[in-house]
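Please read them with the structure open.

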Amino acid sequence: MPEIYRLTGLRKSFANKNERIQILNGIDLSIEEKEFVCIMGNSGCGKSTLIKIMEGILPGDEGSILFDGATPGSQVSKEMQRKFGIVFQSDNLLEWLSVYKNVELPLRVFGKKNKNENRKKVMDALTLVGLQDYSDCLPRELSGGMRQRTSIARALVSDPAMLMLDQPFGALDAITRKALNAELLRIWHTTQKTCVMITNNENEALLLGGRVLVMSNPPAKIIHEINVPLTYEERISGIALNPAYLKLRAELASIVRSLGNTLQS
Amino acid sequence: MTTKPKSKLFNICAPIALIILLVIVWQIACTAFDISFHVLPKPAEVGRALLENFPRTIFPDMMASVKVMLAGYCIAIPLGFAIAAFSSQFNLAVKSIMPVLIILMLTPMATLVPIFKLFLGVDPTLKIIIVVLQCTPVIAVNSLSGFIYVPQAKKDLMRALGCRKWESFFRVTVPGAMPQIFTGLKLGCILCTIAAMSADISVGQGGLGYRIQVASSLSATDLAYAAIVIAAILGVVLYMAVSLVETRVITWK
């Protein structure tokens, strides 16, 4: 598959009261089209900062981004931002808009006025996440899992080149999380989108990711890359007993353990 | 769900029952303790004065007050909103304007009337100016505090969609600030009634406040109380109208 996104030597620091803290210290990564990449790391290691720079919400200090054949320097341009579909950590829906209007939001912001066309796109996105019957509900009337599905539909409605997910299921209970992981795997398989997902869960990373990148503690670099050579069929049929999966999980678990929990006390 | 209409009716009936009870206690107390008419007339007397004087004096005074209140309030809303919207866009403006608005909000505007009279005489617009000065700061302060608090995630969303500043203001900031905006509007209608009454008292030239003052100086306490009742009803009606709009606008809470 051809490369769609490349990040070279990305550095980012934040100013604290009296010093600059280097968060990202030379991140290199390359993502191929239709690939599902998971990025893992300890909490506070700069995972969210990394994905925010990748989608253009934050500017990077140094480094270059190559996306969709163009080089926007260390920051993604406004035009390019629209090629990302973003699923946020919290569902981040606008609580005063119905599910339908929330999903329609990107189309409206992008100035797409054709009502019938928009309706079709919104309903297609809602059908994909299984919420076609809830289009008139307000976000507060939905469960946490349904809100995050709405958020996925909103990210997909504009037919983005890449789907970016920042710990999308972190706030959900274990059962819902498992169901939504399976759902996301199916969505990825049907839409054939390139996906980048930040996660702190090894099982989630291995179930979904074709590749898992592990970040070190700050100043962070990518220190491990694990290929997950499992087919879609293997992933959907009882992955928990698959010996290859179990081996990878043991490997990933030992890597994550070696990072230790270095949260500043 | 079936208890909902019943509880709604209950919510309306309970305060009305309390008011009726208080009126009865008032009537009985006046008779039992033989309270002088000049201190506190019986509710029945107030009611009679209200009916007798309504067409000749109270109704025209009420309309005069309503005009001042509505004109002032309707100018104060867009003005307060505009001040808040403009200053929310600049950090310096937020920092500098917020304390000034709070000071203005706390200044009783009726105290400025004697000074204003020097410039404007007893022009009828003076009353409207007083109401505007009293209501605008509270509407601006509350709207502004809603505008400057936008959750980071929402800002990220708007930035991710490549929204311009004004577009994210109308799509996210304003709807998100609606609860605070309505707090300001409701406080505004309380202050609006108070300001209109005190303007009547200090400026004269008709209005319910003026009627209350004239009636009490003529020892017509029943008429004074009748005017007070009408003033209270005006305030309540305005407040309820704004609350009704609020429930229509904020449907997501």
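**Notes on the predicted model**

1. The crossing of α3(A) and α5(A) is right-handed. This comes from a predicted model, as does everything below. The two helices in question are α3 (residues 99-109) and α5 (residues 144-156), both of chain A, and their axes come within 7 Å and cross at roughly 30°. Angles under 35 degrees count as roughly parallel, so α3(A) is roughly parallel to α5(A).

2. Which residues make this contact? On the α3(A) side they are A:Val99, A:Asn102, A:Val103, A:Leu105 and A:Pro106, and on the α5(A) side A:Thr150, A:Ala153 and A:Arg154. By type, the residues of the contact of α3(A) with α5(A) are five nonpolar, two polar and one charged.

3. Chain A also has an open sheet of six strands, with mixed pairing and the order β5-β6-β7-β3-β8-β9. At its edges stand β5 (84-87) and β9 (222-227) of chain A; each has a single partner strand, so one side of each is left without a neighbour in the sheet. From one strand to the next, the twist averages 15°.

4. Turning to the two chains, 13 residues of chain B are in contact with 17 residues of chain A. On the side of chain B that touches chain A, the elements that give two or more residues are α6 (152-160) and α7 (165-203) of chain B. The most comes from α6(B), with six residues. The residues of this side of chain B divide into eight nonpolar, one polar and four charged.

5. How is chain B divided into domains? The domain assignment gives domain 1 (1-35) and domain 2 (41-249). The C-alpha centres of domain 1 of chain B and domain 2 of chain B lie 28 Å apart.

Terms used
Residues numbered from 1 in each chain as written. Chains lettered and ligands numbered in written order. Predicted model: local features only at pLDDT ≥ 70, side-chain atom pairs only at ≥ 80, totals over all residues. Axes fitted to C-alpha atoms, helices over the stretch in contact; angles between N-to-C directions. Helix = DSSP H or I, 4+ residues; strand = E, 2+ residues; numbered from the N terminus. Parallel < 35°, antiparallel > 145°, perpendicular 65-115°, else oblique. Left-handed = near helix turned anticlockwise from the far one by under 90°. Contact = placed C-beta atoms within 7 Å. Nonpolar A, V, L, I, M, F, W, Y, C, P; charged D, E, K, R; others polar. Pairing = 2+ DSSP bridges. Domains from an automatic or database assignment.
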